[in-house]
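Let's walk through this model together, starting with the whole chain and then zooming in on a few side chains.

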Amino acid sequence: MLSVWERSSAARVVPSARPRKLAKVPFVELADGRLQGVVSSGSDIERVYVSSVAAGSYAFACSTNNNRPCGGARGTFCNHIRALIGEAVLQYGGERVARYLKVDADDTDAGVLTGAMTGTRPAQGDSAAAQVFSRFLRHLSYLELPVTTAPLPEMQWFPTTKAVS
C-alpha cells in the first residue's frame with residue numbers, strides 16, 4: 001500500500017536541520033560541487049544575488065540576478081555568501097555542509113566554517129548564476145500549482161518507489 005506522499009504530485013522533502021526564515025535566503029542547495037543559492041538584497045527589495053562557494057577550492061561568486069557583480073565580493077566573502085553559508089548550516093546541518101564543501105574544521109558552526117574557507121579567491125570564468133537562478137524560479141513555479149494527486153508529466157523521470165519483485 002502506497003503512503004499519501006507516494007500517491008501525490010508533491011515531493012517528499014527532508015526537513016531542515018533547524019527552522020529557518022526564507023526572507024533573506026529563499027533558496028539554498030548543495031549541488032554541482034558547490035554550495036549555491038539566492039540571497040535577497042539588503043537595500044533593494046526587487047534585487048537578489050546568486051551566490052556560490054565551490055567545494056574544495058572555496059572559489060566563490062556573487063552577482064545579481066542580472067549578472068552584475070556584487071560590490072562586496074572583492075577578494076573575500078561578501079555578506080551574501082556569509083548569509084548563504086549560515087542558512088545552509090540551518091538547512092542541512094553544519095556537518096553535512098562541511099563534508100560537502102570539504103572543510104576541515106573542528107566545529108561545524110557557520111562562523112567557523114566561513115572562517116576556515118577565508119583566504120580564497122573569486123571564481124574565474126563562467127559562473128553558474130543563470131542556472132541557479134533558473135532553478136530557483138522553477139521551484140517557485142511549483143509553489144503556484146494547485147495541490148493534486150495527478151502526476152506531473154515533467155516529473156515522470158523520477159524513479160518509482162515501487163519495490164521490484
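What you have on screen is a predicted model, where local features need pLDDT of at least 70, side-chain atom pairs count only at pLDDT 80 or more, and totals for chains, interfaces and linings use all residues. Residues are numbered from 1 along each chain as its sequence is written, and side-chain values use heavy atoms, with hydrogens and water left out.

Now the layout. The chain has 5 helices and 4 strands; these are DSSP runs, with helices being H or I of at least four residues and strands E of at least two, numbered from the N terminus.

Next, find T114 in helix α4, which spans residues 110-116. T114 has a relative accessible area of 5%, so it counts as buried. Leaving aside residues up to four places away in sequence, T114 touches F77, R82 and I85.

Finally, the charged pairs. There are 2 salt bridges in the structure, each a side-chain nitrogen of Lys or Arg within 4 Å of a carboxyl oxygen of Asp or Glu. R34 pairs with D32 at 3.8 Å, N to O, and D32 is exposed at 52% relative accessibility. R47 pairs with D44, their closest N and O atoms 3.6 Å apart. Here R47 is partly exposed at 31%, and D44 is partly exposed at 28%.

Terms used
Buried < 20%, exposed > 50% of the residue type's maximum accessible area, 1.4 Å probe, protein only. Contact = heavy atoms within 4.5 Å.
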